[in-house]
Amino acid sequence: MLSSTELSPRDRLPAVNFELDDLDADEQKYLDFYRQVAVHEDMLVPLAEHHTTNSVHSYYVLFDRTATYGHPGDPQYVAVHLQRDWEKRQFDFEQKPLPLPSMAQSWLIHRGCPPDAISLNPQLGPPPADETTRALERRLAGDGDHYAMGRSYTQDDPDDMVTLVALRILDERDTSPFRVLVEEVDTDAWTHTLREGAFATAQDALQWCDDRLTGTAGPLPPVRPTAPPNRSVLPPTAAAPRPLGRSR
């Protein structure tokens, strides 16, 4: 979505408000929230947010403009679920850094956020370039629990703005269970595309990702249609044994 390197000075980005001023919590809870979420609060851009009518639950898709400053390749999005107990005047939270906005939406939806309430602000970031991108993003937002998270690499170079995600599909019947998602931003047209490829092994998936970062990758292997995923599967496991991208 947004680029941490290509923000226009005329853009007035919205600020996030976690609405915790009137709540108390133990010192460790505040410390955890500060370290995991609020340490860069002024650099977090809310791409989507939803609050229940009683303000007990709040859901956020946040873009972290500082994510790749010190750790190239790190996810640039953070999903946050806040829970407030107004009687006890306390709060709790969950958070997860994720490489794609649709994956952040999925994470929140599976924690109780209504699917139609967490749409991304179309004014923030490049829009989808085509229907293929829109369809895949809708599927990832709704079916994110069909995948086990593996490795990701976000490259925010304006000359090659790309995010690569290696996943494992949780359907034991699939003969190509390792998937690679590729989001590319066209900085001239200011649009983005998202594509998916299928691989038989984690090593093949990671090798393709490494080749994409060095500019030597071939076409993504197509995803073959399969039966609807079987949810009675083993618990998620890591999709790959090593990180994507160059050595840090």
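Predicted model: local features only at pLDDT ≥ 70, side-chain atom pairs only at ≥ 80, totals over all residues.

Trainee: Let's start with the overall layout. How many helices and strands does the chain have, and in what order do the elements run?

Mentor: The chain has five helices and eight strands. From the N terminus on, the order is α-β-β-α-β-β-α-α-β-β-β-β-α. Of its 248 residues, 44% count as buried. Among contacts between residues at least 6 apart in sequence, 60% join residues at least 24 apart.

Trainee: What makes a set of residues a nonpolar core?

Mentor: The residues must be buried, be of the nonpolar kinds such as Leu, Val or Ile, and be joined through side-chain atoms within 4.5 Å. The largest such set here has 26 residues, and those with the most contacts inside it are Leu 47, Val 61, Leu 108, Ile 118 and Leu 181. Elements that give two or more residues to this core include strand S1 (44-51), strand S2 (57-64) and helix H3 (101-109). H3 supplies the largest share, five residues.

Trainee: Which residues does Leu 108 touch?

Mentor: Leaving out residues up to four places away in sequence, Leu 108 touches Tyr 59, Tyr 60, Val 61, Ala 79, Val 80, His 81, Cys 113 and Ile 118. Apart from this core lies another, of 15 residues, with Val 16, Phe 33, Val 37 and Ala 38 among them.

Trainee: Which residues lie closest to the centre of the largest pocket?

Mentor: The pocket holds about 470 Å³ of space. Of the 25 residues that line it, the closest to its centre are Gln 105, Ser 119, Leu 120, Pro 128 and Glu 137. H3, H4 and S8 are the elements that give two or more residues to the lining.

Trainee: Why is Arg 111 called partly exposed?

Mentor: Its relative accessible area is 30%. Arg 111 lies in the loop between H3 and H4. Beyond residues up to four places away in sequence, Arg 111 touches Tyr 59, His 81 and Glu 94. The C-alpha atoms of Arg 111 and Tyr 59 are separated by 9.1 Å, although the two residues are 52 apart along the chain.

Trainee: What is the phi of Ser 55, and where does this residue lie?

Mentor: Ser 55 has a positive phi of about 60° although it is not a glycine. Its place is in the loop between S1 and S2. With 24% relative accessibility, Ser 55 counts as partly exposed.

Trainee: And what about the phi of Trp 190?

Mentor: Trp 190 also has a positive phi, about 55°, and is not a glycine. Trp 190 lies in the loop between S7 and S8. Its relative accessible area is 30%, so Trp 190 is partly exposed.

Note on methods: Residues numbered from 1 in each chain as written. Heavy atoms only, no water. Buried < 20%, exposed > 50% of the residue type's maximum accessible area, 1.4 Å probe, protein only. Helix = DSSP H or I, 4+ residues; strand = E, 2+ residues; numbered from the N terminus. Contact = heavy atoms within 4.5 Å. 1 Å grid on protein atoms, 1.4 Å probe; cavity = no way out; pocket = protein on both sides within 12 Å on 5 of 7 lines; lining within 4 Å. Points joined across faces, edges and corners; volume = space filled by probe spheres on them.
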